[in-house]
Amino acid sequence: MKTYKEVLSGYIPEESVETVFHWIKTSNVQLKITRNRSTKLGDYRPPIKHKYHRISVNHDLNKYQFLITLIHEFAHLKTWELYQRKVKPHGVEWKNKFSEMLSPFMNENVFPSDVLKVLKKFQKNPGSTVADAELRKKLREYDDGESAFTLEDIPEQGTFKIHNGLVFKKIEKLRKRYKCKRLDNNRIYLVNALMEVVPVND
């Protein structure tokens, strides 16, 4: 039977395991490693209906993306402990906490130098790695095998299909989602930039 640390070392860089394990051990949190979710990399739920915090991270992320996502969610946990509902989910307080919690890992024992270079820029104003195109592109270079296409890879006015075979045209970006037209009924949908899609030749 694997220990908790051995499980963690299968998902994050070895040099980060001790710190992350300490966070888990001292935070009254349930960490769940989940299936691939097309609209998000990770998730945080505060202890409202449960007696503990809940964090989930997609199982198929490379170790650098997994660690950054885990820090992102732990920053939500720590911000909740300090402010609960008094601040915005991705407001200044959360950004400061994320940047602070990222700091111990900002060295070449944890991240490769090319990732570290981009990550240092990201740390100044952290947010979602999905929304940061430069960081997301760099992290995808470390994915195993061929990376899947996501909606953000599709050019505007380009067409694509999703997992159930429905075909859409990408129209324009509206904050964090894209306005897309479903071609069989001309209805408009807002689609997450992280959605995995298959390009369709016009």
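Asp43 counts as buried at 15% relative accessibility, where buried means under 20% relative accessible area, exposed over 50% and partly exposed in between (1.4 Å probe, protein chains only). The model is predicted: local features need pLDDT of at least 70, side-chain atom pairs count only at pLDDT 80 or more, and totals for chains, interfaces and linings use all residues. Residues are numbered from 1 along each chain as its sequence is written, and side-chain values use heavy atoms, with hydrogens and water left out.

**Salt bridges**

The whole structure holds 12 salt bridges, a salt bridge being a side-chain nitrogen of Lys or Arg within 4 Å of a carboxyl oxygen of Asp or Glu. The table lists some of them.

| Lys or Arg | Asp or Glu | Closest N and O atoms |
|---|---|---|
| Arg45 | Asp43 | 3.0 Å |
| Lys97 | Glu100 | 3.4 Å |
| Lys138 | Asp114 | 3.5 Å |

Lys138 in helix 6 and Asp114 in helix 5 are 24 residues apart, so this pair links distant parts of the chain. Helices here are DSSP runs (H or I, at least four residues), as are strands (E, at least two), both numbered from the N terminus. Lys138 is buried, at 18% relative accessible area, while Asp114 is partly exposed at 26%. Through shared partners, salt bridges join Lys40, Asp43 and Arg45 into one network. Arg45 is partly exposed, with a relative accessible area of 37%.

Lys97 and Glu100 both lie in helix 4, three residues apart, about one turn of the helix. Lys97 is buried at 16%; Glu100 is partly exposed at 48%.

Ala75 is found in helix 3 and is buried, with a relative accessible area of 0%.

The largest nonpolar core has 52 residues, of which Ile55, Phe74 and Phe111 touch the most other members. Such a core is a set of buried Ala, Val, Leu, Ile, Met, Phe, Trp, Tyr and Cys residues joined through side-chain atoms within 4.5 Å. Helix 3 gives the largest share of this core, 10 residues.

Five strands form an open antiparallel sheet in the order 7-6-5-4-8; two strands pair if DSSP finds at least two bridges between them. Strand 7 (188-192) and strand 8 (198-200) stand at the edges with a single partner strand each, so one side of each has no neighbour in the sheet. Strands 6 and 7 are joined by five bridges.
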